[in-house]
Amino acid sequence: MGAYATFVDATLVERDAQTAQLEAALADCLAGRGGTVTITGGVATGKTELLQFLQERAGERGTTVLTATGYCAESDLALGVIGQLFAHPALPPLCTGPAAGLLAGPCESDVMPFGQQSTLVSQELWAQLQALSTREPVVIAVDDLHFADGASLQALAYFGARLRTSRVLIAVTESDQHAARRDRSWQSMLLRQPRVTRVRVHPLTESGTATLLGRLVGPAGRDTAAAWAGFTSGNPLLLRALAEDYHAAGGTPDGEPVAGEEYAAAVATCVRRAGPAAREVARALAVLGDAATPALLRQLLDRRTDIPASTAALDAAGVLHGGRYHASVARCAVLATTPGPERTGLHRRAAALLHGAGAEVRVVAGHLVDAGHADEPWAFGTLLDAARDALRHDDLTGAEACLDLASRAGLDDEQRVAVTMLHGLVEHRTDPATSFRRLRPLVADLREGRLTAAQGVALLRSLHLYGTAPEIASALRRIEDDLHTLDPATMAGYQAARQWLHASHPHLAGQDPDAAGTDDEPLLRVASQANHVLRAGADPEAIRTAELVLQTTPLDDGSWGAIQSALYILIYADRCDLAATWCDELLREATDREVTAWRGIFAATRAEIALRRGRPRVAARLAREALQLIPPRGWGVTVGAPLACLITAGAATGGADPAGLAVPDLMWRTRFGAQMLYARGRQRLALGRPQGALDDLMRCGRLLTEWGIDLPAFLPWRSDAVEALLQAGRAGEASTLAAEQLSRPSSGQPRTRGIALRALASTAQARRRLTLLRESADLLTQADDRYELARTLTDLGEAQHRAGQPGRAGMVLRQAALIADEEELTLLRRRISAQLAPEPEHADVLSTAERQVATLAATGRSNREIAERLYITVSTVEQHLTHAYRKLRIKGRTDLPASLGRIS
């Protein structure tokens with residue numbers, strides 16, 4: 001038996017009755033009792049496999065098998081099927097007589113009347129068969145007889161009427177979906193014969209499906225047969241295709257089916273073989289998708305199409321289930337095999353029908369996009385509404401497709417502006433710089449009066465970031481001329497934009513803008529509060545407003561700026577703990593929604609939070625990530641924020657300076673430019689260049705003072721300028737500046753006051769210096785700023801050394817060294833090392849318990865605190881410390897080495 005026969009035997013499941021019928025018919029033929037076998041059933045239910053089974057069995061018994069297949073494209077070729085049969089090498093060539101002529105060329109009609117010529121042809125062909133069958137039995141196997149031409153059908157009917165005492169068996173397959181062919185006379189003649197075997201093929205049951213899957217997939221497939229049957233309705237062709245996809249995917253842990261390329265191809269085959277009417281219905285259903293209803297399907301298709309019968313046939317074939325495709329891959333396969341013009345026409349008609357029925361805009365617009373057609377009067381509005389809806393659902397591809405199609409229609413100025421602005425919103429999510437390049441032509445439109453004031457407000461946000469000073473000023477004048485035309489929501493947006501402008505571009509904004517209506521508009525209120533915090537410091541109301549906005553405002557294209565302002569209120573209020581929690585959540589959401597711009601914006605904000613919590617390594621990583629997500633050109637003037645963060649972090653860790661990055665000129669006249677000056681001043685200070693540092697810091701201070709945003713919680717420039725002045729030998733100026741810092745707004749906040757007190761301590765007498773530094777350390781511990789705490793502890797240790805307190809100095813410096821090591825504060829670690837005495841050797845002789853206790857003691861914790869931390873008694877702590885002192889050959893806890901390591 002051949003390889004195909006082995007495959008057929010392996011997949012012939014629940015076909016025992018049918019194979020028994022075929023075996024009996026073949027036995028009769030071998031005994032000289034010819035007959036006819038018709039194998040019928042739905043599309044791809046296994047008719048061909050049964051015919052192949054018969055052929056193999058006949059071949060094993062020494063029978064000549066003549067084969068042919070009907071093709072739809074050859075259904076008009078006279079005697080096309082007969083020509084295939086009589087091309088068998090066992091038959092002599094037909095060189096003379098009517099049959100030779102007919103087989104050599106087309107006939108005038110594929111439905112031949114039973115006339116004299118037809119009879120002569122059939123007689124001649126039958127004579128050939130008779131002659132062959134006297135030597136050995138003959139099996140004629142015709143697959144897909146429903147596509148055979150009329151002349152071949154009549155010849156087969158002629159043969160069938162003469163099979164009774166011959167050794168000829170005719171076996172054919174025919175699909176149920178083609179039962180209404182135009183010529184059924186051949187069947188009528190056959191059915192009158194005594195030996196006609198009718199073999200009926202049905203889809204597999206769930207049990208049969210399980211059996212077949214056991215052979216194709218193994219036990220995993222057999223155990224999940226119900227799921228596989230749901231995809232195929234027992235269609236063997238689809239089951240085999242699913243099995244191939246399953247193996248191609250490497251299987252699944254639970255044995256569930258995987259619908260892939262092979263399944264899609266099998267579905268397309270079933271649809272193609274189902275016949276014109278069913279194929280038309282299948283394509284219409286594929287176009288309509290989830291919107292398909294019987295009424296809509298009737299409207300979309302020719303009313304002459306028998307939709308219920310076609311749908312039932314496709315259901316029976318396993319292509320559909322309840323009139324729906326089993327899987328999206330099946331629907332896509334049918335769409336892909338639908339000719340382009342037909343598919344376009346279906347989409348156009350579907351769009352019009354769905355629009356008329358009030359369907360969702362995204363569904364209607366999807367058909368317009370698939371048709372590439374937007375000429376109807378209602379199409380433009382539908383496409384824009386669908387683009388907005390797609391943007392709300394983070395479907396940028398869908399939004400761009402709608403806008404691209406809308407932009408190809410003949411647009412007036414108002415429509416062009418609407419498309420451009422919406423396209424700019426879409427592009428801003430992935431590439432803000434490209435977004436503004438698209439929007440820039442609208443700046444001239446606004447100046448020339450071709451944009452409404454409301455459109456100008458929408459454009460103002462981009463101008464804040466990327467525009468020039470004259471462009472921003474011109475836009476403000478144009479909008480203010482028509483403020484009376486703005487609706488309340490747009491007016492609130494304008495007022496919020498003015499608040500943001502006043503905080504970021506103080507040289508352009510003029511007087512503090514009116515924040516009327518802030519009680520009713522949370523986003524406007526947070527913009528106003530953020531502006532106020534920069535000028536007067538945070539208060540409880542500002543923090544409540546920030547938390548309210550963060551708790552109640554969904555992240556979208558209109559709110560991300562206000563949400564970021566709320567985070568900065570918390571940051572400048574020294575509530576970095578709250579800000580970090582919210583920012584982490586926003587970063588996760590931006591990542592999950594795959595919005596690159598938001599990820600970059602919140603990564604930069606999170607970098608500032610990390611910097612203020614004394615984690616410069618983390619801050620540098622996040623700032624670099626932000627600048628990778630949004631390249632520097634995409635930040636506009638706000639690029640100063642992540643760059644300043646990166647520079648400041650580098651000053652603390654000794655990292656590289658991100659030099660050579662181009663920044664907009666306008667940035668230096670914004671608060672982001674002030675951040676850059678402050679960062680550069682700190683960097684120069686760390687590099688031992690006090691005069692350059694002082695130049696940057698004093699310039700930063702002058703700008704902040706001039707703009708009215710001189711808030712130490714924003715930029716504590718005086719504290720760093722004090723250090724630069726002291727290095728330059730200008731102690732008097734340093735003392736004055738340090739005192740000023742404590743008089744500024746927000747100077748009472750823990751972190752801000754802790755930094756200010758350290759600066760003041762550097763200008764104070766020895767005894768007061770120790771007091772100020774201890775208070776600074778307490779405040780910075782409370783604020784959880786590890787870097788600033790390490791700086792204060794280093795100053796305190798040095799001051800204690802000078803005050804003759806070496807034991808206390810060593811303990812404090814070791815605590816500072818531990819932080820410096822963990823945070824990789826390279827420059828500070830060198831300074832600490834110069835003050836620390838050499839550490840005792842053989843620290844590795846401690847037991848695990850002794851090391852834990854000694855490490856906590858080295859960081860300044862009391863015996864009771866250590867006991868609570870490790871869940872042991874105070875007496876046990878004392879015993880472990882006594883053993884550690886003896887092993888390390890030291891006198892007490894002030895001599896404990898910092899190299900013990902940190903207990904997490």
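**Exercise 1. Count the helices and strands of the protein chain in this predicted model.**

Solution. Start at the N terminus and go through the elements in order. The protein chain has 47 helices and seven strands.

**Exercise 2. Compare the radius of gyration of the protein chain with that of a compact globule of 904 residues.**

Solution. Begin with the reference: a compact globule of 904 residues would have a radius of gyration near 29 Å. Next, take the value for the protein chain, which is 43 Å. To finish, look at the span of the C-alpha trace along its principal axes, about 130 × 80 × 45 Å.

**Exercise 3. Find what percentage of the residues count as buried, and what share of the exposed area comes from carbon and sulfur atoms.**

Solution. A residue is buried when its relative accessible area is under 20%. By that cut-off, 54% of the 904 residues count as buried.

**Exercise 4. Describe the largest cavity and its lining.**

Solution. First, the setting: the structure holds six cavities of 30 Å³ or more. The largest cavity has a volume of about 260 Å³. Then list its neighbours: 19 residues line this cavity, and Leu 611, Arg 612, Thr 648, Tyr 678 and Arg 682 lie nearest its centre. Helices H33 (596-612), H35 (640-653), H36 (671-686) and H42 (786-802) each give two or more residues to the lining. The largest share, five residues, comes from H35.

Technical notes:
Residues numbered from 1 in each chain as written. Predicted model: local features only at pLDDT ≥ 70, side-chain atom pairs only at ≥ 80, totals over all residues. Heavy atoms only, no water. 1 Å grid on protein atoms, 1.4 Å probe; cavity = no way out; pocket = protein on both sides within 12 Å on 5 of 7 lines; lining within 4 Å. Points joined across faces, edges and corners; volume = space filled by probe spheres on them. Helix = DSSP H or I, 4+ residues; strand = E, 2+ residues; numbered from the N terminus. Rg over C-alpha atoms; globule rule 2.2 N^0.38 Å. Buried < 20%, exposed > 50% of the residue type's maximum accessible area, 1.4 Å probe, protein only. Areas by Shrake-Rupley, 256 points an atom, 1.4 Å probe, with all protein chains shown as cover.
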